[in-house]
Amino acid sequence: MNHTEKDVAALRAHVDELFPAVQADLETLVRIPSVSAAAFDQAHVATSAETVAGLLRGVGLPDVRILRSARPDGSAGAPAVVARRPARTGEPTVLLYAHHDVQPPGDALAWDTDPFEPTQVGERLFGRGAADDKAGLMAHVGALRALAAAGDELGVGVTLFVEGEEESGSPSFARFLADHHELLAADVIVVADSTNWKVGVPALTTSLRGLVDGVVTVEVLDHAVHSGMFGGPVLDANVLLARLVATLHDDAGSVAVAGLTGAGEPEVDYAEADFRGDASVLDGVALAGTGTIAGRLWTKPAIAVIGIDATSVAHASNTLAPRAAAKISVRIPPGLEPEAAEEALRAHLEGHAPFGARVTWTPGEQGKAFGAPADSPAMRAARTAFAAAWGTEPVDIGVGGSIPFIADLLEAFPQAAVLVTGVEDPDSRAHGANESVHLGELRNVVLAEALLLRQLAGAV
């Protein structure tokens with residue numbers, strides 16, 4: 001099915017008419033501090049789930065439920081919302097995914113506005129979750145509202161699955177899929193939790209890097225000793241940890257861990273000037289690694305030290321630190337299994353113990369990489385819908401970040417086609433201060449998804 005200009009214009013008019021209400025509902029959601037991290041009040045996550053359920057009851061989905069499943073430790077997972085309308089005979093079912101929990105706000109002083117008071121500045125709406133992922137949720141809601149306003153009686157089945165703990169690693173996700181397998185079964189899964197190429201140019205995410213993390217601990221002394229009386233023959237744990245971490249990259253900044261391999265170069269590149277601006281790289285700082293920028297982001301491994309336990313400057317004394325630890329995060333490209341990546345990292349760290357220091361690796365999270373076929377009935381439908389909504393062809397991109405639960409979805413529903421889409425753009429600053437969504441892009445995403453749901457009828 002190709003979308004005629006008349007059809008697109010008519011549906012766009014409905015989206016435009018409904019968009020103020022979509023924005024208002026997004027602002028209501030942003031005001032709820034639904035941080036799923038354990039240190040925060042989980043009553044807000046429950047309030048968010050109730051609010052989401054109310055929104056879904058208003059879009060023609062007769063079956064709306066708030067559900068929980070157990071986490072591996074036996075505790076109850078955060079509340080998810082599932083709403084559905086069955087497909088007509090012979091038509092596919094589409095599962096629309098988003099999450100209603102958000103990252104912690106971080107340093108309030110780093111925000112230009114209150115993170116939980118949505119604030120519009122120009123074409124952007126600022127607030128925690130405004131982009132990731134409450135805008136994704138509202139894209140689903142807005143698309144269904146627009147189709148209803150247009151009088152569409154879609155034959156496709158629609159299931160909305162709005163998770164409540166994605167930002168905490170989705171600990172109950174696999175169990176949730178098992179507990180509610182029949183309820184969530186679908187032919188096409190649309191994950192609205194990614195990004196577009198830039199404002200005005202849509203994207204389809206065809207690859208995501210996987211994740212391995214953990215903590216490496218370096219021990220050199222039984223207890224702290226005077227740095228003047230004993231310093232020299234013994235290097236403190238902070239120095240040895242720094243030396244160990246330095247072995248993870250070569251002089252060019254490429255990953256130097258045997259076994260952490262990359263895939264081929266992507267077809268589309270990321271201009272260095274754009275990357276520097278998007279990543280806020282300071283003037284004079286050289287970029288690490290070799291090859292294209294896109295390849296370094298999407299198809300090669302990356303290692304970062306995301307936390308260090310060491311004596312703070314404020315509490316420093318003239319002693320040699322007996323131990324120090326670092327949390328290491330590794331992003332792995334498609335084709336590299338997380339178990340193999342973790343073993344390679346562990347072997348490297350233990351094999352490069354500086355000066356015979358005791359090195360201990362404690363594994364953390366793992367998540368598989370994702371690679372989608374560039375051509376499938378669902379992908380072709382998405383390309384057509386995106387091109388019609390934006391007036392320009394979508395770009396196939398990889399994303400350096402990880403969405404580990406996609407592997408769980410594919411394991412539970414191996415025959416389903418997964419489309420990874422999103423509302424973000426390079427300046428959305430998801431997870432950081434001053435997170436925002438470009439409202440014009442959100443409007444286009446709503447239209448694109450409405451067109452996609454039309455397109456999928458009979459297409460898969």
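In this predicted model, the largest nonpolar core comprises 100 residues. The residues with the most contacts inside this core are Leu56, Phe161, Ile189, Leu409, Val437 and Leu442. Helix α13, spanning residues 439-456, contributes the most to the core, with 11 residues. Leu409 illustrates how such contacts bring together positions from separate parts of the sequence: leaving aside residues up to four places away in sequence, Leu409 touches Leu95, Phe173, Leu177, Ile189 and Val191.

**A four-stranded sheet**

An open sheet of 4 strands is arranged in the order β11-β13-β9-β14, and its pairing is antiparallel. Strands β11 (302-309) and β14 (358-367) form the edges, each pairing on one side only. On average, neighbouring strands of this sheet are turned by 20° against each other, direction ignored. Within the sheet, strand β9 (residues 210-219) and strand β13 (residues 323-332) run antiparallel and are joined by 10 bridges. Leu211, for example, has Arg331 in β13 as its bridge partner. Helix α10 (residues 338-351) lies across β9, β13 and β14, and runs at about 165° to β14.

**Salt bridges**

The whole structure contains 17 salt bridges.

| Salt bridge | Distance, N to O |
|---|---|
| Asp425 and Arg124 | 2.8 Å |
| Arg454 and Asp152 | 2.6 Å |
| Arg346 and Glu343 | 2.3 Å |

The salt bridge between Asp425 and Arg124 links distant parts of the chain, with the two residues 301 residues apart. Asp425 is found in the loop between β17 (417-424) and β18 (436-438), whereas Arg124 belongs to strand β5 (residues 124-126). Both Asp425 and Arg124 are buried.

The salt bridge between Arg454 and Asp152 joins helix α13 to the loop between α3 (134-149) and β6 (157-163), so this pair ties together parts that are 302 residues apart in sequence. Arg454 has a relative accessibility of 17% and therefore counts as buried, because buried means under 20%. Asp152, at 23% relative accessibility, counts as partly exposed.

The pair of Arg346 and Glu343 lies within helix α10, where the two residues are 3 residues apart, about one turn of the helix. Arg346 counts as partly exposed at 25% relative accessibility, and Glu343 is also partly exposed, with a relative accessible area of 40%. Together with Glu350, Glu343 and Arg346 are linked in a network of salt bridges.

Conventions: Residues are numbered from 1 along each chain as its sequence is written. This is a predicted model: local features need pLDDT of at least 70, side-chain atom pairs count only at pLDDT 80 or more; totals for chains, interfaces and linings use all residues. Side-chain values use heavy atoms; hydrogens and water are left out. A nonpolar core is a set of buried Ala, Val, Leu, Ile, Met, Phe, Trp, Tyr and Cys residues joined through side-chain atoms within 4.5 Å. Buried means under 20% relative accessible area, exposed over 50%, partly exposed in between (1.4 Å probe, protein chains only). Contact means heavy atoms within 4.5 Å. Two strands pair if DSSP finds at least two bridges between them. Axes are lines fitted to C-alpha atoms, for helices over the stretch in contact, and angles run from 0 to 180 degrees between N-to-C directions. A salt bridge is a side-chain nitrogen of Lys or Arg within 4 Å of a carboxyl oxygen of Asp or Glu.
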